[in-house]
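User: I am new to reading protein models and would like to work through this one with you, a few questions at a time. Could we begin with the ligands and then turn to single residues?

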Amino acid sequence: MSTDPTQRHVHLPDGPIPRHVAVIMDGNGRWAAERGLPRHAGHREGMKAVREAIEGAAEMGVGILTLFAFSTENWQRPRDEILALMALLKLYAESECEELAERGIEVRVLGDLSRMDPESREAIDEIQSVTDGGGAMRLNLMISYSGREDILQAVRALAARVEAGELDPAAIDQERLEDELFTAGLPDPDLLVRTSGEFRLSNFMLWQLAYTEIHISPVLWPDFTRADLSEAILDYQRRERRFGRVSTR
Ligand code: IPE
Ligand code: IPE
Ligand code: MG
């Protein structure tokens, strides 16, 4: 629990809580630049906001929280920044592992992990196995992830099964494809939050976000608190989800 007194009286939304919340955690670099600090200082500070979002989501009764931590395109950033980010991810996995397990938070790291260094992959294996079976909330950390790559690797898996004679191409439907996505077995996000005021998806969960409600927060990720998450959920509760049908209100 946070001991910051400003965080204690956050209004918990009383309406329907989104079952699955996805977050594009953006604005670390700008947070650092505003303070004359190097970009990695923003990423380090962003870890506090990760903790805040996880605790807040669990307290509000969110079932699945999906955090976009590093995109496939982010591999094109300067080597120093990538190394700093990978070191932070490893540090996060190692330092938060036990606390997450105690809170019953089951962690899955989703993305092309083959590009990560062996030590980071070891830390990922460890956090996944130690938190396995946690029933309070599922936490997906999207690392080395891109929505288009997610769909492509699913298509490759289906094509391999067709080639092996196990699958009739005519039997490929939305469910079959979803079964091959990194998010297999999970419902689509109900709410997407993007911080730092950017209005774009940046190749995040392109299949899964088809009917997701979007909340853009102006807050830079390191400043994001559970009060901002609560505000996003209140905004979500004011939406009417029609899924292409006519209004029932
Ligand atoms: C988000 O913050 C973290 C990652 C993409 C890894 P940025 O690093 O994109 O910060 P800005 O957008 O440059 O402010
Ligand atoms: C999206 O943010 C990726 C993550 C938050 C991990 P970026 O900062 O990489 O996206 P763009 O470049 O602004 O679209
Ligand atoms: Mg950014």
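Analyst: A pocket is an open set of grid points, found over the protein atoms alone, with protein on both sides within 12 Å along at least five of seven lines. A molecule sits in a pocket if more than half of its atoms lie within 2 Å of the grid points of that pocket. Please keep in mind that this is a predicted model.

User: Which pocket holds the space taken by ligand 2?

Analyst: With that definition of a pocket in hand, the place of ligand 2 can be named. The space that ligand 2 takes up is the largest pocket.

User: Which strand gives the largest share of the shell around ligand 2?

Analyst: The shell around ligand 2 includes F68, A69, F70 and S71, and its residues divide into 5 nonpolar, 3 polar and 4 charged. The largest share, 4 residues, comes from the strand that covers residues 64-71, and this is strand β2.

User: Which residues come nearest to ligand 1?

Analyst: The space taken by ligand 1 is the largest pocket, and by class the shell around this ligand has 3 nonpolar, 5 polar and 5 charged residues. Of the 13 residues around ligand 1, those that come nearest are D26, G29, R30, R39 and R77.

User: How much of the accessible area of ligand 1 does the protein cover?

Analyst: Here, too, the contacts can be read before the area. A backbone N or O atom of G29 lies 2.8 Å from an oxygen atom of ligand 1, a polar backbone atom of R30 is 2.7 Å from an oxygen atom of ligand 1, and for R39 an N or O atom of the side chain is 2.8 Å from an oxygen atom of the ligand. On its own, ligand 1 has 380 Å² of accessible area, and the share that the protein covers is 87%.

User: Which helix supplies the largest share of the shell around ligand 1?

Analyst: Three helices, α1 (28-34), α2 (39-60) and α3 (79-102), each supply at least two residues of the shell around ligand 1. The largest share is 3 residues, and the helix that it comes from is α1.

User: How far apart are the C-alpha atoms of V155 and E99?

Analyst: V155 has its place in helix α5, residues 147-163, and it counts as partly exposed because its relative accessibility is 41%. V155 and E99 are 56 residues apart along the chain, and the separation of their C-alpha atoms is 37 Å.

User: What is the relative accessible area of M205?

Analyst: Most residues other than glycine have a negative phi. M205, a residue other than glycine, has a positive phi near 40 degrees, and its place is in the loop between β5 and β6. M205 counts as buried because its relative accessible area is 0%.

User: What is the phi of S202?

Analyst: S202 is one of the residues around ligand 2, and it lies in the loop between β5 (191-194) and β6 (213-216). With a relative accessibility of 30%, S202 counts as partly exposed. Although S202 is not a glycine, its phi is positive, at about 45 degrees.

User: How far apart in space are D188 and Q208, C-alpha to C-alpha?

Analyst: D188 lies in the loop between α6 (174-178) and β5, and at 34% relative accessibility D188 counts as partly exposed. D188 and Q208 are 20 residues apart in sequence, while from C-alpha to C-alpha their distance in space is 5.2 Å.

Note on methods:
Residues numbered from 1 in each chain as written. Chains lettered and ligands numbered in written order. Predicted model: local features only at pLDDT ≥ 70, side-chain atom pairs only at ≥ 80, totals over all residues. Heavy atoms only, no water. Near = heavy atom within 4 Å. 1 Å grid on protein atoms, 1.4 Å probe; cavity = no way out; pocket = protein on both sides within 12 Å on 5 of 7 lines; lining within 4 Å. Nonpolar A, V, L, I, M, F, W, Y, C, P; charged D, E, K, R; others polar. Polar contact = N/O pair within 3.5 Å; in protein donor to acceptor, adjacent residues only side chain to side chain. Areas by Shrake-Rupley, 256 points an atom, 1.4 Å probe, with all protein chains shown as cover. Buried < 20%, exposed > 50% of the residue type's maximum accessible area, 1.4 Å probe, protein only.
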